[in-house]
Amino acid sequence: MKLTFRGARVSAGPPLFLCFAASLAFTTGCGDQGAGASDDAALAQRVIESFAETERMQAHVQLLTPSQREEHEASVSVLRDKIPNGYPEPLLPTGALGVANGDFRLARAPFLSAPLIALGQSLFSETRLSFSHEKGFASDFSCATCHPTRGAFVDGKKLSRGVDGASTRRNTPTLFNVAYNSTLTWANRVFPVLEMQAKIPLFGNDPVEMGLRGKEADVMAILRADRGYRALLSAAYGLKSDEQIDALGADYTYITTALAAYQRSLIRFDTKFDRFLLGSAREDERFDALETRGLRLFYGFDALASGTNLPCAQCHSGYLLSDSFRYVRDGKAFSAQAFHNTGLYNVDGRGAYPLGNTGFATADELKRHPEWMGRFRTPPLRFVAATAPYGHDGSLPDLNAVVSHYAAGGRATLGKTGANPFTDERVKRGFVIADEESEALIAFLKTLGP
Ligand code: HEC
Ligand code: HEC
């Protein structure tokens, strides 16, 4: 057994014994206290290797054909300056990769372009895209009410309220890097496409979010009557004349297509963590000892003083810090979907989650697969410091609560009914974590942005 106290010599190879006595290690800063740039580089390399491992072990891989590649390049070029070299690019639903759905305007629209994004950006904050019973159209409500465009596109509430005051069932997720998600929302396997997802807040009634059910035809008429939108629409869809704009008629998929394009442009990899990985951090924003320690704990490179290696990066894995992702890198398309039960609830002592929030499985599926209860998508963790409260229902108020929940092997273990029997084994084990280890872990999570 070789003992090393620096990241530099351990960048390759099997699990290594970095700290033979972690408590001692913490005070001596085992890992990287006072580590130099080359130690950081080696540690960064090790994390990047874990990303490649995620691609190998967790993703379905498809080689792009030359023509798919060409199509991808053409679409992704408008996003290029937001994606660091070597990082994944979103898999855009170009014709050839085939999102089999004639419901949106791919055939006619340039798939992704600056004017299409501009239209979507305007629509995202457009209050005329909502209808309240009190105020009619043009209430003060839009996508941006729940996903404010300043900050991380979250409203900071446990649950949000729709235009008529109805509560959402789930916590509002960030929209940063949403283009990389292989499934959308906390627990849905069937809306992989942003074009389709946008219909839910616009027209859905469970709960009513923007209140436009039954007003599908009116919204396009409102936009077409507006000079500003006529200009945006014609630029976005390459329309040459007033007749062509009017010919869009009542087809709201021109709206959802643009909203999707805008959301795909919300790519952010400009975090302290990414600069650490890319070796582009300024001298004054290098990881300090606490953050380095937290990273090593999160990735399971070091064990806790109590002897456990944290499982965090087994699920919050890869470039997105989630085992659910879909992207193109190096000419290949990678995709993975994952939903897990982390033991937040056990309402009946037999593993049930609260009604209406039982996870990705339908009631029918749960009859056949009771063990699918409580499975939610692993949320990507970039910008996590800005997206409190946490969990699918916002019931974990802060990062301390998140760490306590995992330490307990799932929060349900602390309640009357005890551990949820369907909790993922990696979470169920729980762990004993010292205050300063928890502090380090949270310091690392904060480097994920903003
Ligand atoms: C009333 C508040 C509210 C409004 C208004 C709203 N959203 Fe959301 N949004 C949510 C909530 C809550 C979720 C999580 C839903 C779930 O998991 O069931 C969500 C999820 C999403 C997701 C999935 C993100 C992911 O990580 O999978 C996208 C995309 C999205 N919203 C886009 C939009 C767009 C576009 C609009 C406007 C057309 C909009 N939202 C309006 C509250 C809102
Ligand atoms: C078995 C897979 C798995 C493991 C292991 C795991 N997580 Fe999670 N994590 C999830 C899932 C799934 C959720 C969402 C659960 C829910 O809301 O029901 C989640 C939620 C979170 C959230 C809330 C994010 C948000 O946007 O609300 C944070 C923060 C988090 N995990 C951090 C961690 C840390 C730190 C560890 C290690 C101690 C860890 N996770 C281990 C799967 C996992």
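Two residues are taken to be in contact if their C-beta atoms, placed from the backbone, lie within 7 Å. Helices (H or I, at least four residues) and strands (E, at least two) are DSSP runs numbered from the N terminus. The structure is a predicted model, in which local features need pLDDT of at least 70 and side-chain atom pairs count only at pLDDT 80 or more, while totals for chains, interfaces and linings use all residues. Residues are numbered from 1 along each chain as its sequence is written, and chains are lettered from A and ligands numbered from 1 in the order in which they are written.

In helix H13, Leu 290, Glu 291, Arg 293, Gly 294, Leu 295, Leu 297 and Phe 298 meet Glu 437, Glu 439, Ala 440, Leu 441, Ala 443, Phe 444 and Thr 447 of helix H18. By class, this contact of H13 with H18 comprises 8 nonpolar, 2 polar and 4 charged residues; Ala, Val, Leu, Ile, Met, Phe, Trp, Tyr, Cys and Pro count as nonpolar, Asp, Glu, Lys and Arg as charged, and the others, Gly among them, as polar. The axes of H13 (residues 289–298) and H18 (residues 435–447) come within 7 Å and cross at roughly 95°. H13 is therefore roughly perpendicular to H18. Axes here are lines fitted to C-alpha atoms, for helices over the stretch in contact, and angles run from 0 to 180 degrees between N-to-C directions; angles under 35 degrees count as roughly parallel, over 145 as roughly antiparallel, 65 to 115 as roughly perpendicular and the rest as oblique.

The contact of H4 with H11 divides into 10 nonpolar and 2 polar residues, with no charged residue.

Helix H11 (253–264) also supplies at least two residues of the shell around ligand 1, as do H5 (143–146), H6 (194–197) and H7 (199–203). Of the 25 residues around ligand 1 (C-beta atom, placed from the backbone, within 6 Å), Cys 143, Cys 146, Thr 185, Trp 186 and Pro 201 come nearest. H5 gives the most to this shell, with 3 residues.

Around ligand 2 there are 24 residues, of which Cys 312, Cys 315, Tyr 390, His 392 and Asp 424 come nearest. The largest share of the shell around ligand 2, 3 residues, comes from H14. By class, the shell around ligand 2 has 14 nonpolar, 8 polar and 2 charged residues.
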